[in-house]
Every structure is written in C-alpha cells, then in structure tokens.
Amino acid sequence: MSCLFTQAKCHVDLAAVRRNFARCGKPENLMPVVKSDAYGHGLLQVAHCLALAGATRFAVGYCDEGRLMREHGHTERILPLMPPISDDEWSLVRKYSLTPLVCSFEELERARTVGTEADPLPVAIKLETGMHRLGFRQETIPALIDRLKSSPTLKPAMCVSHCSCADMPEKQPHTAAQICLFSEMAGTLLSAFPDIERSLFNSAGTLETEFRCNICDIARPGIILYGGNPFAGTQQERLGSQLEWAMSLSSVVLQVTELRKGEAVSYGQTYVAQKDMRLAVVGAGYANGVPRALSNNLSALIRGRRVHEVGRVCMNMMMFDVTDMPEVRAGDTVWLWGGDALPGESPVTPQEWADALGTISYELLCIVGSINARVYTS
C-alpha cells in the first residue's frame, strides 16, 4: 500500500496536452519531448495520450525511459536525448530498439558494435551548431561521413541540433547563424544519406514558423505541450497565447485561525499583522515544491477568489489571508496553480511563480510534478 505524505495533488489534464499538441502542426512532422517524466506530467500517461493523437516518434531523456515505454507497448521511434554511456545503456539500445544519439567518434565506434549488417542500428547524429554542449563540429563532417559509409552495421536515421536562443527575439542573429550552420551541415549529410531526417527546432522554433524554412523535417515540441510559452515576457508572447497549462496544483485548508494585530506568523516573524486577521493554514509547503523564496509573495485561489500568502512557507504548511472571506472553512480546496476562478479573478500559473523567481516554468513543472501525487483527467 502506497504512503501519501501530503494533501497536495497535481492534476494533469491530458485533453489540454492533446490540444497543445494539435497546435504544433501535423503529427508526422513532430517528435514530442517527454523526457524527465514528461516534464513532471507522467511519461506513460502523456506518451499514451500523444500516441492516440497521432505521434509517431518520441524524444525521451534516457534509455531507461525508452525501455519503460517499450514495456508498455509503444512501437514508435524513440530517441533518448542523452547519449548512452554505460554498457547497460547500450544493452537497452539493442534490446528495446532505441535510436541512440551519437555525439562523438568514440560513441560512433561503440554504436558500430551494437548493430549488425543484417539489422543495422539506426542512429541520430548530434551536430554542434552553437549550443556548445554535445555533438560533431562542422569540420569533422567529412570524416564522419567516411566513417558512417564504412559502417554497414549503422543506419544514419536523423541529424539533430538544438537552438540556444530561439526563445529570445533579441538574439535572432545568433539563432539565424545556427540555422544557417545547421542547414549546411545537415545538407552535407543529406547528400550522403538521402533518407536522413533533420531536426533542429524546439518549442520556440515550433511556434516561430518563420524560422522553419525547409531545413527542419522534424520539430521537437517540449514545454508547449504542457502549456508553457517559451516567448513569455517577450515581444513574441502572442505566438504561445493559445496554449493551455496542463498541470494544476491543489491542497486543502487545515484550519482557519486568528492572527491578532501585532502578532507575527511562521518562522522568522517575517510577517507581522497590522490589524486583526483570519488565516487559512494550508497543507502544502516547500516539500511539495512551493519555493520558500516566494514567502510573502504568493497567491492562490480559495472558493474562486485570489488570496495572498503571509509568513514563511514551511515544509508542509503555508498561510493565506482570508480576513475578507468569512465563508472559508477547514477542508476547502486551495488551488496553488489553476482551478476555477470567479469573474474578475484569475488562476495562478507556473509562469507567475517563474517570473517572481527569475527562472523558467520548466523547472517548476519538473519539481512539482515529481514530488506530488498526480491525478489525471482526459
């Protein structure tokens, strides 16, 4: 029997994931990214949802995520975005028919031992175009082609790169340079291997179709599947304005208590009441992924209205000012993200937390989704 250590729950709307996927374009031109447990939304649940919506390929994080998908019946192409390093990972590549990402000549040599001439191993070639993390640089492409052509146990299936600043309109020149470099490198590979597919763009590139030209066969939407707008706060924010957040976060009121004028609440006495108040003590805190750094700077929905958090966020509790809401009772649902808002009110979003923290919604979704029990609607 599992042990629930919190009243908080993540609510994942799979219908929203499907609608976001449909906004990305034709399924045959997409490789949805479900790495890191689908950004905290649940790998198997999201992959099943997207397969039913027409996805024919997936990008995962590690080989073991590919194994899990295969064991649950997925037959689509699966590309782990982290190159296999250990013997165990290469064994998973062979056993579960994964398409490994090859980033160096050393990895290429290892891949050659996994495939056979009768059954060549499909590989994805990682190209270094400006992110400067992994991949082959432009000057190595001739040697790479020679090595691939002399490797009958391998089949170049894809060439892949990644834009570092596609979500930053002010850095368009850098993105344009990456696109040009990828076009040249991928074009050289395409001349040598006419069946190879090209994949450059992430969520930002999926939305910004002006960049797409004809050099990207397969886009890899990630955060936009889950409702995050990579252009949030920029002049191109409108490109993701129709996206829907798929994750909501709820908890419950544990007690409604008094805070009298001059009294402080929670650790460190960071909030002192300027008048008599009523507080709703809520069963969630930093153990649920609520950043302690947002203490005294959070909102939530209770009974459809926005209320404000006061005092330090604790491990399992936080406090909200409900002085003007005498109807609030213990057991009421509290929506830290999402929920139904009354007219004139609005739900809290992961982006709101991200903006206040100076970070990105991806980080918060991964943390909150991995910590709390998830419930699904479809």
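Two strands count as paired if DSSP finds at least two bridges between them. The strands themselves are DSSP runs of E, at least two residues long, and helices are runs of H or I, at least four residues long, numbered from the N terminus. With that in hand, the sheet I want to start with is open and has four strands, in the order β4-β5-β6-β7, with parallel pairing. β4 (101–102) and β7 (197–199) stand at its edges with a single partner strand each, so one side of each has no neighbour in the sheet.

Before I go on, what you see is a predicted model, where local features need pLDDT of at least 70 and side-chain atom pairs count only at pLDDT 80 or more, while totals for chains, interfaces and linings use all residues. Residues are numbered from 1 along each chain as its sequence is written, and side-chain values use heavy atoms, with hydrogens and water left out.

Strand β6 (residues 154–160) runs parallel to β7, and three bridges join them. Cys 159 has Arg 198 in β7 as its bridge partner.

Next, strand β8, residues 247–259. Which way does β8 run relative to β1? The two are antiparallel, with four bridges joining β8 to β1 (residues 9–13); Lys 9 has Ser 250 in β8 as its bridge partner. β8 also pairs in the antiparallel sense with β15 (residues 333–337), over four bridges, and there Leu 249 is opposite Trp 337. With β11 (residues 277–282) the pairing is again antiparallel, over six bridges, and Gln 255 is opposite Val 281.

Now the helices. α6 (residues 105–112) packs against α7 (residues 141–149) at about 10 degrees, with the axes 11 Å apart. The axes are lines fitted to C-alpha atoms over the stretch in contact, and angles run from 0 to 180 degrees between N-to-C directions. That angle makes α6 roughly parallel to α7, a term for angles under 35 degrees. At the contact (heavy atoms within 4.5 Å), Phe 105, Leu 108, Glu 109 and Arg 112 of α6 meet Ala 143, Leu 144, Arg 147 and Leu 148 of α7. By class, that is five nonpolar, no polar and three charged residues. Nonpolar here covers Ala, Val, Leu, Ile, Met, Phe, Trp, Tyr, Cys and Pro; charged is Asp, Glu, Lys and Arg; the others, Gly among them, are polar.

On a 1 Å grid over the protein atoms alone, a cavity is a set of points where a 1.4 Å probe fits but cannot get out; a pocket is an open set with protein on both sides within 12 Å along at least five of seven lines; lining residues have an atom within 4 Å of a point. Points are joined across faces, edges and corners, and a volume is the space filled by probe spheres set on them.

The largest pocket has a volume of about 610 Å³. Of its 27 lining residues, Lys 35, Tyr 39, Arg 133, His 162 and Asn 202 are the closest to the centre. Which element gives the most to this lining? It is α2, with three residues.

The search finds one cavity of 30 Å³ or more. The largest cavity has a volume of about 50 Å³, and its lining residues include Arg 133 and His 162.

Conventions. Parallel < 35°, antiparallel > 145°, perpendicular 65-115°, else oblique.
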